[in-house]
Amino acid sequence: MIYTEEELSEALRQIDSTLHKLSETKKTLEAKDEPSRYKSQITLATRRIEAFGIARDLIAREMEQTN
């Protein structure tokens, strides 16, 4: 499928926003009194951050190729 530069740019913007929110959520959970109680949520946030990071890199690569 072919995406316009506008679509890719908007997807990148949304991913950046989500990454920021996930990072803040992870920091909050890690700062709790007993972070071990939130281990599964921290792990989930970490994995999502990694996945969105990959998506961001792939979109950036696609945008470079279209220019």
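This section describes the helices, their packing and selected residues of a predicted model.

Helix α1 spans residues 5-30. It comprises 26 residues, and the distance from its first C-alpha to its last is 37 Å, close to the 38 Å expected at 1.5 Å a residue. Helix α2 covers residues 39-66 and contains 28 residues. Its first and last C-alpha atoms are 41 Å apart, close to the expected 40 Å.

The relative placement of the two helices was examined next. The axes of α1 and α2 come within 9 Å and cross at roughly 160°. Because angles over 145 degrees count as roughly antiparallel, α1 is roughly antiparallel to α2. The crossing in which α1 passes α2 is left-handed.

Burial was then considered for each helix. In α1, the residues L8, L12, I15, L19, L22 and L29 are buried, and α2 is included in what covers the buried residues of α1. In α2, the buried residues are I42, A45, I59 and M63. The cover over these buried residues of α2 includes α1.

The largest nonpolar core consists of 6 residues, namely L8, L12, I15, L19, I59 and M63. Both α1 and α2 give two or more residues to this core. The largest share, 4 residues, is contributed by α1. One of the core residues is L12, which, with neighbours within four places in sequence left aside, is in contact with R56, I59 and M63.

S23 is located in helix α1. With a relative accessibility of 27%, S23 is classed as partly exposed, whereas L22 in α1 is buried. Although S23 and I49 are 26 residues apart along the chain, their C-alpha atoms are separated by 7.3 Å.

P35 occupies the loop between α1 and α2. Its relative accessibility of 32% places P35 in the partly exposed class. When residues up to four places away in sequence are not counted, P35 touches L29, E30 and I42. P35 and E64, by contrast, are 29 residues apart in sequence and lie 40 Å apart in space, C-alpha to C-alpha.

Definitions and conventions:
Residues numbered from 1 in each chain as written. Predicted model: local features only at pLDDT ≥ 70, side-chain atom pairs only at ≥ 80, totals over all residues. Heavy atoms only, no water. Expected span 1.5 Å × (residues − 1). Buried < 20%, exposed > 50% of the residue type's maximum accessible area, 1.4 Å probe, protein only. Contact = heavy atoms within 4.5 Å. Core = buried A, V, L, I, M, F, W, Y, C linked by side-chain atoms within 4.5 Å. Axes fitted to C-alpha atoms, helices over the stretch in contact; angles between N-to-C directions. Parallel < 35°, antiparallel > 145°, perpendicular 65-115°, else oblique. Left-handed = near helix turned anticlockwise from the far one by under 90°.
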